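Work through each task with the sequence and the coordinates open, and then compare your reading with the solution.

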Amino acid sequence: MINKKLFLLLVVFTLACAEDNYELKLYETVLPLIFTKTPIKIYTDTQETAKIFQQSRFFYIVPHCDHSVELLVGNKFRHLSPACADKPLFSTTYKSFKMEPNSFGAFYWRKGRPQIKFKTKTLHRYHLILPKTLQRYAR
Amino acid sequence: MDIEKIEKLTQDSQSLKLLYVEDNQQARESTLSALDIFFQDITIAVDGEDGLNAFRKGNFDIIITDINMPKMNGIDMVYKIREVDEDVTIIVLSAYDDKMYCDEITRAGISGYILKPIDLNKFIDIMVEAVDRILQKKKKA
Amino acid sequence: MREKIKNLRFIYIFYFSAVLVLVGTLTIYTLFGETKNYIEEVTQKIYIQDTQDLAYNFAEMIANETGKNIYINLKEDENLREKLEKNLQLFISKRYRYIYVVDKAPKGQNYRFLLDGSKKVEEKSDFGEFYEPLHVTKFQEAYKSAHPVYFTQENAHGVWITFLQPILKDGKTDALLVVDFSMQGHKLIDNSLSELDGVLKISIYVGIFIFIIIVFFSYIDHKRVKVLESFKDKLEMRVRQEVEKNRQKEQQLIEQSRLAQMGEMISMIAHQWRQPLSAISSASASISLKAMLGKLDNETALEISTAISDYAQHLSTTIDDFRNFFKSNKEKQEITYTELIENVLGIIEVSIENKNIKLVKHLHSNKSFYSYPNELKQVLLNLIKNAEDILLEKKVENPTITIETDENILRVRDNAGGIPPDSMHKIFDPYFSTKLDKNGTGLGLYMSKTIIEEHCHGKLLVKNDEEGAVFTIVLDGKKD
């Protein structure tokens with residue numbers, strides 16, 4: 001049943017709009033469930049990603065990373081300040097999800113279909129709790 | 001109508017010599033039948049020229065004339081007569097009541113203007129006046 | 001009326017053809033639409049058939065190349081994976097967007113990537129990577145039924161079909177070959193179709209536009225016709241009014257002329273009457289005087305009263321003459337010129353003589369003819385009066401009016417010097433007068449000419465001789 005709910009949600013999102021909005025909607029649906037305090041302070045590595053998050057009041061994008069940042073969203077961060085080196089990362093690619101140790105979850109497109117994944121171990125490390133609706137995506 | 005007045009006029013006028021100028025035969029005949037009550041000696045002229053000639057030849061006391069006549073009309077005749085005789089009494093007997101004619105001929109010097117058809121009273125009055133004047137002059141002379 | 005019908009027909013043909021064009025275009029468009037759909041359907045079927053064959057071949061190949069458990073086989077044999085993936089890659093194109101093989105993970109509902117034909121690094125999935133397809137039910141259906149399944153989906157990139165081909169081991173599905181291919185029509189067909197589509201759409205719009213214009217113009221035309229008609233009607237009415245006005249004017253002209261003539265007549269009557277009247281008054285005066293003086297005898301009285309009676313008779317005759325003069329003749333009567341002349345002179349002779357104008361008569365015609373006596377008398381009177389007027393005006397010495405007759409010709413001459421050449425051709429025109437005083441109505445000669453030429457069917461001519469003007473009347477004198 002819970003399965004169906006989220007499934008339906010995603011179907012609706014697919015039918016809805018362009019990819020950009022789709023992604024934002026997804027982030028807005030997923031991330032606040034994990035990081036309950038809004039707005040969530042986020043630092044990203046790419047302009048495109050920053051642009052998407054800027055459109056929402058759930059998120060607050062910072063130009064430079066500092067220790068107040070709660071979450072990193074992106075692919076691969078090259079020059080991270082020490083304060084941010086250990087921040088939790090929500091990946092935007094499968095590779096990043098697999099390779100980055102900080103990555104606790106990912107959202108990316110595969111074969112034209114959206115994919116959401118979470119790593120249980122990394123979640124534990126960061127004391128992040130998945131709501132029941134998202135637990136099926138964790139491994 | 002004062003019969004006495006007429007009777008007196010008839011007496012006074014008997015001896016006077018009249019020159020009567022009229023071109024229309026009907027008018028002449030009918031007027032003559034009235035004039036011959038007053039005048040014994042009546043000379044007739046049938047137009048202005050005829051009248052002028054007759055005047056030159058004769059010695060008239062009174063002239064009664066029409067205006068509209070062939071050859072010479074009444075006005076011209078009066079002017080010509082006046083050139084030679086300023087005194088002779090001239091009475092106009094005409095159908096024209098045109099004021100212009102009236103003024104002009106008065107300037108020429110006439111004693112009276114009688115309109116046709118004749119108003120008997122007016123005719124008598126003018127005649128009386130004229131005849132009286134003639135007799136007066138004769139007495140003086 | 002015929003014009004109206006022609007116009008109407010033309011308009012209808014126009015309308016009809018416009019409607020025809022419109023309907024035709026719409027029909028073609030609909031047919032085209034249907035054909036397009038049919039083409040798309042058929043194309044789709046062809047593609048699906050193609051894909052089906054392709055997928056089937058692939059599935060067979062993979063099945064043959066691998067052992068009992070495809071997952072384990074491929075997990076262990078990287079070379080085999082590479083080889084098979086290379087084969088899949090061969091078919092990746094704009095049409096075949098994704099070709100990959102998945103199988104179901106033993107635990108849970110997830111699917112795992114086994115083979116991925118994608119060429120791009122960022123697109124290529126890892127072996128064993130978990131995969132969540134969108135249409136899970138379809139995947140499950142294909143897996144369970146071991147029969148190929150396909151479904152359509154539409155997203156931002158267009159219409160897609162996902163074809164699922166089960167790879168069987170011992171009749172059971174061990175893996176699933178997925179082919180995503182685009183349903184966008186073949187480029188050339190697409191372009192032509194969309195071109196044709198565009199053209200047809202445009203022609204429909206054009207057709208509608210033309211139709212609207214036609215309606216608009218025919219409306220304007222209709223209005224214009226109405227305006228023209230009302231204008232024509234107004235014009236007709238105006239013309240009728242003008243004709244009526246002219247007729248009335250002519251009537252007035254005739255009336256005026258008659259009145260003018262009557263005016264002249266009345267003054268002539270007055271003139272004629274003056275003498276007899278004054279004669280009567282003189283005669284009556286003489287009777288009165290003679291009676292007053294007692295000199296009236298019976299003979300004289302009788303004489304004078306007879307004279308008065310004559311004068312009165314004269315007055316009466318004058319009146320009768322004038323009365324008769326104005327009666328219009330309904331029928332032609334037999335008359336002679338001499339009679340006419342004597343009659344007219346009876347009226348005007350006195351006036352002429354009074355003005356010292358000499359009257360000369362050369363009457364050489366005793367011929368009797370048929371015409372309208374009173375009308376002729378009026379004309380003759382007019383001619384003589386005109387001669388009298390001009391002689392007086394020019395103060396001619398020895399003014400003379402000559403009247404001549406010869407056969408059917410009557411001439412009235414004067415010696416006033418003649419008509420000036422520049423007035424000659426206008427002399428019979430209405431309202432043309434040479435009289436200096438304002439009393440010249442200018443209608444006399446115009447009316448005279450009308451009477452002679454139209455009523456009496458004769459001719460009225462004018463010329464100058466060495467002494468003055470000569471007016472000639474020529475009559476045919478026939479009974480009808």
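**Exercise 1.** Determine what share of chain C is buried, and then do likewise for chain B.

*Solution.* Of the 480 residues in chain C, 23% are buried, a residue being buried if 20 or more other C-beta atoms, placed from the backbone, lie within 10 Å of its own. In chain B, which has 141 residues, the buried share is 38%. This is a predicted model, in which local features need pLDDT of at least 70 and side-chain atom pairs count only at pLDDT 80 or more, while totals for chains, interfaces and linings use all residues. Residues are numbered from 1 along each chain as its sequence is written, and chains are lettered from A and ligands numbered from 1 in the order in which they are written.

**Exercise 2.** Work out the strand order of the open six-stranded sheet in chain C, and find which strands stand at its edges.

*Solution.* Begin with the inventory: chain C holds ten helices and 13 strands, taken as DSSP runs (H or I, at least four residues, for helices; E, at least two, for strands) and numbered from the N terminus. The sheet has the order E3-E2-E1-E6-E5-E4 with antiparallel pairing, where two strands pair if DSSP finds at least two bridges between them. Strands E3 (130-131) and E4 (149-155) of chain C each have a single partner strand, so one side of each is left without a neighbour in the sheet. Next, follow E4(C) to strand E5 (residues 158-169) of chain C, with which it pairs in the antiparallel sense over seven bridges; in E5(C), Trp160(C) is the bridge partner of Gln153(C).

**Exercise 3.** Describe how helices H8 and H10 of chain C meet.

*Solution.* First consider the axes, which are lines fitted to C-alpha atoms over the stretch in contact, with angles from 0 to 180 degrees between N-to-C directions. The axes of H8 (residues 373-393) and H10 (residues 444-455) of chain C come within 10 Å and cross at roughly 145 degrees. Then list the residues in contact (C-beta atoms, placed from the backbone, within 7 Å): those of H8(C) include Val379(C) and Leu383(C), which belong to the set that meets residues of H10(C), among them Ile451(C) and Ile452(C).

Conventions:
Buried ≥ 20, exposed ≤ 12 C-beta atoms within 10 Å, placed from the backbone. Contact = placed C-beta atoms within 7 Å.
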